[in-house]
Amino acid sequence: MSNIEIQNGRIIDPKNGVDRIASLYIADGRVAGIGAAPAGFVAGQTIDAAGCVVCPGLIDLGARLNSIQAELAAAVAGGVTSVVVPPDADPPLDEPELADRLVHRGEEIGKARVLPLGALTLGLKGERLAELAGLQKAGCVAFSQANKPVVDTEALLRAMEYAATFGFAVWLQPQDYWLSRNGIAHEGELASRLGLAGIPVAAETIAIATIVQLVRDTGCRVHLTRLSSAAGVALAKAAITEGLPLSFDIGVHHLLLTENDIGFFNPHARFCPPLRTQGDRQALSDAAAAGVAAICSDHTPVGADDKLLPFGEAKPGATGLEVLLPLTLKWAEAAGVSLSDALARITSAPAAVLGSESGQLAVGAVADVCVFDPEATWQLTPEALKSRGKNSPWQGYFLTGKVRHTLVGGRIVY
Amino acid sequence: MHNPQLNKNGELIHLLSTEGLPQAILTQILDTAQSFMEVSAREVKKVPLLRGKSVFNLFFENSTRTRTTFEIAAKRLSADVINLDIGRSSTAKGETLLDTIDNLCSMDANLFVVRHASSGAPYLIAEHLQRIGRDDIHVVNAGDGRHAHPTQGLLDMYTIRHYKKDFTQLRVAIVGDILHSRVARSDIHALTTLGVPEVRAIGPETLLPKHLDKLGVQVFHDMNEGLKDCDVVIMLRLQNERMNGALLPSAGEYFRHYGLTPQKLALAAPDAIVMHPGPMNRGVEIHSAVADGPQAVILNQVTFGIAVRMAVMSIVAGN
């Protein structure tokens, strides 16, 4: 592996408070120096990063890899060097062998790192426990139900007790099954006007209240995924203040869009959990701005056939890996958040959720690096995306922030 | 936001919802319908406005009654009418909605009358037609999910105007299952657009959508209070599957609280009219003495419905 010098970029390493124009030196897959080359350093390759930002590779806490080759190429094109993969693949990731295969396939492709979440229960049915220890050994970083709620509260309690036994983290998308099963949009003014079955905020708050109580009882470490409401954020923040081992993230689309973006039944604005009100969006934005939440893409590639349907029949979700960075920058600009703080939400904050040392550029750290032009503007078109998922509410929009290079473990992968 | 119902000159090219239509267009439809009432009284009940044009009735959800009135209206305009009972053919074979539409576009269709169980399906079709450059084909929504049933809403407006002349002095109550009713939504938007100062919704909390007040509607849970001095009472059908369950305990308890009886009707204005989109559940939402009584205009609604559908089809196909 050759040594690499990334010259004259603006190095932003939020975790270590670095923000200055300098060169980054990489040797043996790790950061070898900032500003000054280590003794005897000879660059085999150089990258001219003048005018660009050099930051830790993005860590995405939620990306579905339906066609793994294309999606991992999309990840590095978006500056994402680690992707956490939810277990709701087909088949669900509930056996160690499946996790093993996914991790190996990821290594073979050699783009972004694949960090699978194992299924908490067999088939994600919320009934019988999956082999958590076996899954962990095969590379699963935590356990999850993706967006399928555990209906049986006793099953959830036992799963959390069992996970706590081994010190495993459990990731849960808080959605009460009964209050969300028939709904397709936020139970608000827009759903009433359009005649769409509603999902009340209580679907989220009831689930969070249940989970928080079970965290208190079991001591299980829980990460709440994709919060959607102001009331939900308030409950999660209170639990964190209480000192419970809890964290949460927000899908980047929920920082920018509201129920009103559904307009005349736009299926690209269908999400799980649903987009809610302006007040909810503001609370999510405030939580992200204050640094209590990580931001993720919730990348969900959906084919045209599954989107070009009446709103309630269309599959929820949007493509995310290649828009995570520009949409985070767009949010930061609107919310008055500094570039360094914005990058923290997609690098060091998700690393903290994972309990990982990555997401930083300290000397000695693994060289997962993203080099992007913060001024470059590009139009989101189907052709502009490497992902198979072209589904986006931003189709046709111009986005600012273009990734120039991505390095994983000191290798240039984009 | 672009309103797919109007072209860039602000003319009606599809009828998808009564929401977002200017008052002038609603009035144009009602005036045109009035002129067609005379056609229905003739011995030869035909005008040549849609001669040579093909109207496709696409009913993804069954409804003999609505489909028949559209068929009669299209035939009185001299159109060729093709009825497709899609619920039982294409989609059962796995064809997507837009594949079906593409196929029918190749059969020289001029107008699609669409009924679909999913809210918003006619919008998807209208946007697709625009995308593929077929602005010669028009869409009329004949009921989509819980969202809209604009021709029913318009025939209700026609009925109200026929009996009450002026919209701007009226109190109108809509009673029953508003949550699941596309008719109620279409009525509410049309009534507020036409200047009705007081629109009331009466029903139990389980059958009312949230934030109805934002649509300009006053909510009542007590029917006696809600009906007081109303000039128009629009009753809604209660679907069988909603009668016993989490929304309502029984048809009997519903009738006791929200069924329209002669006693309750006496609380409304003495010359109040009673409307119902049909089919009625006698003894559930309405007492037979009211349904067959002198204040009921329910059968006239059906007659007006044909003229209103003629008006809508002739206007959209002419733009």
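**A colleague's note on the predicted model**

1. Let's start with a pair of strands in chain A: β1(A) and strand β2 (residues 18-27) pair in the antiparallel sense, with 8 bridges between them. Please keep in mind as you read that this is a predicted model. Within the pairing, A:Asp13 has A:Val18 of β2(A) as its bridge partner. The hairpin of β1(A) and β2(A) leaves 4 residues between the strands, and A:Gly17 there takes a positive phi near 65 degrees.

2. What else does β1(A) pair with? Strand β4 (residues 45-48) of chain A runs parallel to β1(A) and is joined to it by 4 bridges. Here A:Ile6 stands opposite A:Ile47 of β4(A). Strand β5 (residues 53-56) of chain A also runs parallel to β1(A), through 2 bridges, and in this pairing A:Arg10 faces A:Val53 of β5(A).

3. Now to a pair of helices in chain A. Helix α8 (residues 230-241) and helix α10 (residues 278-290) have axes that come within 8 Å and cross at roughly 30 degrees. Angles under 35 degrees count as roughly parallel, and α8(A) and α10(A) are therefore roughly parallel to each other. On the α8(A) side the contact is made by A:Ala230, A:Val233 and A:Lys237, while α10(A) brings A:Gly279, A:Asp280, A:Ala283, A:Leu284 and A:Ala287. By type, the residues of this contact are 5 nonpolar, 1 polar and 2 charged.

4. Turning to chain B, you will find 11 helices and 9 strands in its secondary structure. The C-alpha trace of chain B spans about 55 × 45 × 40 Å along its principal axes. A compact globule of 319 residues would have a radius of gyration near 20 Å, and the 19 Å of chain B agrees with that. Of the 319 residues in chain B, 49% are buried. Among chain B contacts between residues at least 6 apart in sequence, 79% join residues at least 24 apart.

5. Finally, how do the two chains meet? Chain B gives 24 residues to the contact and chain A gives 19 residues. On the side of chain B that touches chain A, α3 (97-105), α4 (121-131) and α6 (182-193) of chain B each supply at least two residues. The largest share of that side, 3 residues, comes from α4(B). That side of chain B is made up of 10 nonpolar, 8 polar and 6 charged residues.

Conventions
Residues numbered from 1 in each chain as written. Chains lettered and ligands numbered in written order. Predicted model: local features only at pLDDT ≥ 70, side-chain atom pairs only at ≥ 80, totals over all residues. Contact = placed C-beta atoms within 7 Å. Nonpolar A, V, L, I, M, F, W, Y, C, P; charged D, E, K, R; others polar. Rg over C-alpha atoms; globule rule 2.2 N^0.38 Å. Buried ≥ 20, exposed ≤ 12 C-beta atoms within 10 Å, placed from the backbone. Axes fitted to C-alpha atoms, helices over the stretch in contact; angles between N-to-C directions. Parallel < 35°, antiparallel > 145°, perpendicular 65-115°, else oblique. Pairing = 2+ DSSP bridges.
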